[in-house]
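Colleague: Could you walk me through this one before I set anything up?

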Amino acid sequence: MGEIVDLEHLRLSDRPLAVCDVDDVVLEFLTPFQGFLGSLGHRLVPRSYRLHGNIVSAADEMPLADAAVSQLILDFFAAQETWQTPFGDAVSALTEIGAEADVVFLTAMPPRYTEMRRRLLDRLGLPFPLLATESAKGPVVSQMHGNRPLPLAFIDDMAHNHVSVADSVPECLLVHLMPASEMHRHAPKPAPHVVQVKDWQAALTALRRHFANTA
Ligand SMILES: [Mg+2]
């Protein structure tokens, strides 16, 4: 937390900026992760909005230790090219957004898996810049956007990331998009000022309206 993220290689134009999360927004995470768990003889039991404590061995239904779950998440990031697929209409919607705005992917993933994610996004036709960090997202978005007098939007499935961005960049449009999974029913709800959408078509409409109103 609080570390300075290296944005030196990020070049933004003078168009609006859309900062977009990746897992369970652009790429499916939870569904393919469950497939990955199954391939290893494990199973997710969606009792709460947590992976730790909710992954059990299919053989004896015993929960895996937290360290083992953390390692499984890292192993999944390493193998993501085999498992992860686009989330809904993310590819076509982001292509449309990219025609009128800068798009930057801001993913909460250890930076050492950037190369795998980069290849996967490129393969899907999503060549937008990718930044992987485990830092709080708000300060990173603020550092990225600076004081530019241009419209800004942030799309993410996690309520706490919207809190972080709202704290750092109050003028940012916040768009909450998430899978309709059983586990996500337990997810903390975003604050009322966060625009909740069900799919990428609705996200596209919200972004376009914001960009038109603040341009
Ligand atoms: Mg996410």
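**Metal site and domains**

Modeller: Bear in mind that this is a predicted model; along the chain, the donors of the magnesium ion follow the spacing D-x1-D-x133-D.

Colleague: OK, and which residues coordinate the magnesium ion, and through which atoms?

Modeller: The magnesium ion is coordinated by Asp 21 and Asp 157 through OD and by Asp 23 through O, at 2.0 to 2.2 Å. Asp 23 sits in the loop between β1 (17-20) and α1 (30-39), while Asp 157 sits in the loop between β6 (152-156) and α7 (159-168), and this pair links distant parts of the chain, 134 residues apart.

Colleague: Switching topic, how does the domain assignment divide the chain?

Modeller: It gives domain 1 as 17-29 + 84-214 and domain 2 as 30-81. The C-alpha centres of domain 1 and domain 2 lie 24 Å apart, and their contact takes 24 residues from domain 1 and 18 residues from domain 2.

Colleague: What area is buried between domain 1 and domain 2?

Modeller: The area buried between domain 1 and domain 2 is about 1,900 Å², with carbon and sulfur atoms giving 65% of it. On the side of domain 1, Phe 29, Gln 84 and Met 183 lose the most area to domain 2, and together they make up 41% of what that side buries.

Colleague: And how many salt bridges and polar contacts are there between domain 1 and domain 2?

Modeller: The count between the two domains is 1 salt bridge, and the rule finds 8 residue pairs in polar contact across the interface, both residues being at pLDDT 80 or more. By class, the side of domain 1 that touches domain 2 has 11 nonpolar, 4 polar and 9 charged residues.

Colleague: What about Arg 119, which residue does it form a salt bridge with?

Modeller: Arg 119 forms one with Glu 81, where the closest N and O atoms are 2.8 Å apart.

Colleague: How many salt bridges does a search of the whole structure find?

Modeller: That search finds 10 salt bridges, including the one between Glu 61 and Arg 43, whose closest N and O atoms are 2.5 Å apart. Glu 61 lies in the loop between β3 (55-57) and α2 (66-78) and Arg 43 in strand β2 (residues 42-44), so this pair ties together parts that are 18 residues apart in sequence.

Notes:
Residues are numbered from 1 along each chain as its sequence is written. This is a predicted model: local features need pLDDT of at least 70, side-chain atom pairs count only at pLDDT 80 or more; totals for chains, interfaces and linings use all residues. Side-chain values use heavy atoms; hydrogens and water are left out. Domain bounds come from an automatic or database domain assignment. Contact means heavy atoms within 4.5 Å. Buried area is the accessible area (1.4 Å probe) that two parts lose on being put together, summed over both. A salt bridge is a side-chain nitrogen of Lys or Arg within 4 Å of a carboxyl oxygen of Asp or Glu. A polar contact is a pair of N or O atoms within 3.5 Å; within protein, one must be able to donate a hydrogen and the other to accept it, and residues adjacent in sequence count only if both atoms are side-chain atoms. Ala, Val, Leu, Ile, Met, Phe, Trp, Tyr, Cys and Pro count as nonpolar, Asp, Glu, Lys and Arg as charged, and the others, Gly among them, as polar. Donors are N, O and S atoms within 2.8 Å of the metal (3.2 Å for Na, K and Ca); water is not among the atoms, so sites may look incomplete. Helices (H or I, at least four residues) and strands (E, at least two) are DSSP runs, numbered from the N terminus.
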